[in-house]
Amino acid sequence: MQKYIDEYTILSEAKMMYKDYHESYILVEGQTDKIFFTVLMGSQSSVRFRPVNGWERVHQTILLAQAERFKNILGIIDKDFHVLLQDSITESDQLFFTDRNDIEMMLFNSVSLEKFLNIHGDKSKLDVGEHPRNRILEAASCLGALRMASLSNRYNLRFDGFECKDFIDRNTLVPDSQKLIKKIVQRTISNGISISVTEEILKNQIDELMQAYCPLDLCNGHDVFDILGIAMTKCFSSLSANQYNPDTIFRYLLMGYSETEFHKTQLYSKLIMWIQSNV
């Protein structure tokens, strides 16, 4: 039902709630974002975190609110590649980015990951090779680079529903970028979308982006959690393949993420300042 609600409806709803109940809306992309903020912010009187199904809807609603000079609404969206690509999506006094590419990457880059691995991992396996965080980031960065290449060049590649097990070696976490490209190209064509770029050019673009940017800038939180789930079956532990998925890992890491760590983020500082000024 949410996907049929447009920005005009959301803004009208926000105005009504502010007028009738003195409640200000903070728009977020989805339900997991709402869970993240309500868990870490606690019960905020006169503030409601409102998921609206996608960053585009958050952005469009805030633009409409600014045009109508309605100040008592805020939007929070994933930083994603907006800064790297220097597209038209920028922060304002009513639109904030996450510190990392998304909420999931904020959790992944915290001590919560170490807590999760200490509880659910196998120490003898975790102590082998590089730090688990770095291994997962390296594995996920080529997929992130392909996402970025698609966005920057408007290839319209289809990633929806793609699973990292299709290009990650379960035993080593080493990615096969050529297999990744082939799988994504096949998915795109099967969706009726023509592709104007060769697989060889895509491979070169991925390599260039991975040299130009660090893995933290390229990685998507859902991809990273998917690969972490794969790692728990072989590299970091010996659990069943269906025990961890991105949703369950999100909840585990959120439980280990402290308010103290959240309070050190730029997002929290901006959020508190906005609440103090507008609520």
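This tour visits the cysteines and then the aromatic rings of a predicted model.

**Cysteines**

How many disulfides does the structure hold? The count is 0. Select Cys-142 next: this residue takes part in no disulfide, and the nearest cysteine sulfur, belonging to Cys-164, is 8.6 Å away.

Move to Cys-235. Which cysteine has the sulfur closest to that of Cys-235? It is again Cys-164, at 14 Å, which is too far for a bond. Cys-235 is likewise buried, with a relative accessibility of 8%.

**Aromatic rings**

Now display the aromatic side chains; the whole structure contains 12 aromatic pairs. One of them joins Phe-162 and Phe-167, so select these two residues. Their ring centres lie 6.0 Å apart and their planes meet at 25°, and the pair is therefore stacked. Is Phe-162 buried or exposed? Phe-162 is buried, at 7% relative accessibility, and Phe-167 is buried as well, at 2%.

For the next stop, select Phe-36, Phe-37, Phe-49, Tyr-257, Phe-262 and Tyr-268 together; these residues form one aromatic cluster.

**A charge over a ring**

Finally, select Phe-108 and Arg-133. What sits over the ring of Phe-108? It is the charged end of Arg-133, placed 5.8 Å from the ring centre.

Notes
Residues are numbered from 1 along each chain as its sequence is written. This is a predicted model: local features need pLDDT of at least 70, side-chain atom pairs count only at pLDDT 80 or more; totals for chains, interfaces and linings use all residues. Side-chain values use heavy atoms; hydrogens and water are left out. A disulfide is a pair of cysteine sulfur atoms within 2.5 Å. Buried means under 20% relative accessible area, exposed over 50%, partly exposed in between (1.4 Å probe, protein chains only). Rings of Phe, Tyr and Trp (its six-membered ring) pair if their centres lie within 6.5 Å; planes under 30 degrees apart count as stacked, over 60 as edge-to-face and the rest as tilted. A charge sits over a ring if NZ of Lys or CZ of Arg is within 6 Å of the ring centre and within 35 degrees of the ring normal.
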